[in-house]
Protein chains: 2
Amino acid sequence: MTTAPAMASRPQGPATVRVELGERSYDIIIGRGVIEGAGEEIARRLPGARLAVVTDQTVADRHLKHLTQNLTAAGIDFVTIVVPPGESSKSFPVLEQVLDQVLAARIERRDAILAFGGGVVGDLAGFASGVALRGMHLIQVPTTLLAQVDSSVGGKTGINTQRGKNLVGVFQQPDLVLADAGILDSLPPRTFNAGYAEVVKYGLIGDAGFYDWLEGNWRAIAAGWPEREHAIEVSCRAKAATVAADERESGARALLNFGHTFGHALEAATGYSDRLVHGEAVAIGMVLAHEFSVRLGLAPAADTARLVAHLREVGLPTRIAAIPGGVGRDAEGLVALMAQDKKVSRGKLTFILTRGIGEAFIAPDIQADDVTVFMKDHMAG
Amino acid sequence: MTTAPAMASRPQGPATVRVELGERSYDIIIGRGVIEGAGEEIARRLPGARLAVVTDQTVADRHLKHLTQNLTAAGIDFVTIVVPPGESSKSFPVLEQVLDQVLAARIERRDAILAFGGGVVGDLAGFASGVALRGMHLIQVPTTLLAQVDSSVGGKTGINTQRGKNLVGVFQQPDLVLADAGILDSLPPRTFNAGYAEVVKYGLIGDAGFYDWLEGNWRAIAAGWPEREHAIEVSCRAKAATVAADERESGARALLNFGHTFGHALEAATGYSDRLVHGEAVAIGMVLAHEFSVRLGLAPAADTARLVAHLREVGLPTRIAAIPGGVGRDAEGLVALMAQDKKVSRGKLTFILTRGIGEAFIAPDIQADDVTVFMKDHMAG
């Protein structure tokens, strides 16, 4: 699969990507300023529905009035539920509080929860929409690049427990995703870059042409030129196609975890702290997946070098040694964390490996010992 | 729809009722002693799966060894999670504890939770199976008549919050239901009768022939003769057909709520206490639904009299005045509780009414005032 490597002209208005899931199909509308039409879109798709808008304090301070004025203008009745920013809101206590406020507002099954925020808000509010009254409608209005190209699409929702991240949740597809490229203008560069790592992932998994294009256009994406919408659209199309083929991750959807088994272990080792955010962990994880694939004789070393060069240029980390404060574990300790990841199947480790840029594949039978030896060398190097 | 009114001979072995839900279809196996084959059935349907057996202390004391010996004999690896008996276990804290134990046991997505108990355990463990790792397998082994003919079939799971009962949950269809008629022998008569009210409901909703048969055979059902299996089978067939037609209660499934809008209000008014268990509330609620239908000129009064006579003979309550300690509310107060029920749609009250025994229908536009006047008269009479 390849993508047109260059854009001939500025795009005309928003793009729509359809996620084909039978009666659960939905649209992702992508463009600069699409949030201005949120009320109208929602009223058209869910006529008469009331909304519970779930957001975090940071997004509320910056963007909430913008959204709610638009909802009011469209005649939509809503309540607002504000949670604390940060990963700690993906917890049972905050879930309970959100559900209590949803139920207190007498929201009904045909109404909707609107998740207005990054991945944390989307995962939390999405889960709430899946279990309130045994399931109500969900609208995702993601406000980070990571959420726009990854977490708001595909229906994975959930919270963390003391046993690990995202171990409790549901598959809950939204009814609509509104990805406003303009809302990303106010993101701190580090947050933007963390999302960009997931954009790169789509190229690495199955679209070498898109990866080529990213190398030449990443500055325009970061600057908020129309290339940004194009990158979001291509990413969403890739995710939509994968999710349509395998909604519940019994097969090909696992490809989307490229770099994630390594990355999750690094996040766990750093206590899910601000020292290493998810996208940064994925960036390092994707490099590790390439390096390990080279080690197994599967992929050319040149592709790893190319990936490392691109991530460095953008400002993303590429090695475990780059994590401030270190990971506090040796190779065995990190591999033990990988084995705790829920993508373990019958005790064998499943990794997403690659034959080169654009050619990732699922390798279900990787021996832990091989990974440990590889990690030792990486950490020594 | 009518059912053969009499049984020509003793049934030969267990009966199987198929719930047709496409790729989520499953079997309900009904018979005396089917629990003896639990391990074999599970190993055949989910080869290699580990189990988390969730049960309550009462069922564990009486029946757990019986089940686990059988699982062990079939070579199935399992852990046991015991929760306190009673409705208070349908709560967030107990859900969290169950999930923590499931995750601590390193249960994987292709493994299963086995719910071994009555409606509380089934709803709680079913919900846990729907959200642990975003959904794993579920096996229902119901140990009360209520759970065998109602709550274990059809996929409704959930917990209670301070805002009401079953307001948080998921639709999670089991992979298998094992309804052992023999395990009901040890039920206290009051618990058995509460389940019997739901059996009567299937006759009242859409099967006048079955209702006739129940009037003549209820003693054999209570005594544990083969008529019991027949009653469970007919009930499960009725529920299976309704669920197959409308899994998520967007239409005809609401018929199963016959007597329940009244009944839920009575349960709420008595604080979900032992003064009035769910099946007793449904019994009174079904009488109220008949009386209200007569009042609206929809149904013959003779059918109400016939229903009252049957429920009295069995030992079930038929009037609000029969509730020990009373309901502590006037008619307005009870109607307000009905309006809080989640089956409210856009503020209008939906009731399941009837044109006579076997002829229930959905009435979505009932005025609260009409219900209040009716309730006043019932409570005065």
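1. Through which surface do the copies meet? This is a predicted model. In it, 100% of the interface residues of chain A are also interface residues in chain B, so the copies meet through the same surface.

2. The symmetry comes next. Two copies of a chain are related by a rotation about an axis and a shift along it.

3. Now the helix packing in chain B. Two packed helices are described by the angle between their axes and the distance between the axes. Helix H9 of chain B covers residues 260–269, and helix H10 of chain B covers residues 278–295. Their axes lie 7 Å apart, at an angle of about 130°. That makes H9(B) oblique to H10(B). The crossing of H9(B) with H10(B) is right-handed.

4. Which residues does H9(B) bring to H10(B)? They are B:His260, B:Phe262, B:Gly263, B:His264, B:Leu266 and B:Glu267. Their partners in H10(B) include B:His278, B:Ala281, B:Ile284, B:Leu288 and B:Phe292. By class, this contact of H9(B) with H10(B) has eight nonpolar, five polar and one charged residues.

5. H10(B) also packs against helix H11 of chain B, residues 301–314. The axes of H10(B) and H11(B) come within 9 Å and cross at roughly 165°. An angle over 145 degrees counts as roughly antiparallel, so H10(B) is roughly antiparallel to H11(B). H10(B) passes H11(B) in a left-handed crossing.

6. From H10(B), the contact with H11(B) uses B:Ala283, B:Met286, B:Val287, B:His290, B:Glu291 and B:Val294. From H11(B), it uses B:Ala301, B:Asp303, B:Thr304, B:Leu307, B:Val308 and B:Leu311. By class, the contact of H10(B) with H11(B) has eight nonpolar, two polar and two charged residues.

7. In chain A, look at helix H12, residues 331–340. Its buried residues are A:Ala331, A:Gly333, A:Leu334, A:Val335, A:Leu337 and A:Met338. What do the buried residues of H12(A) pack against? In chain A, they pack against helix H9 (260–269), strand E10 (349–354) and helix H13 (368–380).

8. Is B:Ala238 buried or exposed? Its relative accessibility is 14%. Buried means under 20%, so B:Ala238 counts as buried. B:Ala238 and B:Gly203 are 35 residues apart in sequence. In space they are 9.1 Å apart, C-alpha to C-alpha.

Methods:
Residues numbered from 1 in each chain as written. Chains lettered and ligands numbered in written order. Predicted model: local features only at pLDDT ≥ 70, side-chain atom pairs only at ≥ 80, totals over all residues. Heavy atoms only, no water. Axes fitted to C-alpha atoms, helices over the stretch in contact; angles between N-to-C directions. Helix = DSSP H or I, 4+ residues; strand = E, 2+ residues; numbered from the N terminus. Parallel < 35°, antiparallel > 145°, perpendicular 65-115°, else oblique. Left-handed = near helix turned anticlockwise from the far one by under 90°. Contact = heavy atoms within 4.5 Å. Nonpolar A, V, L, I, M, F, W, Y, C, P; charged D, E, K, R; others polar. Buried < 20%, exposed > 50% of the residue type's maximum accessible area, 1.4 Å probe, protein only.
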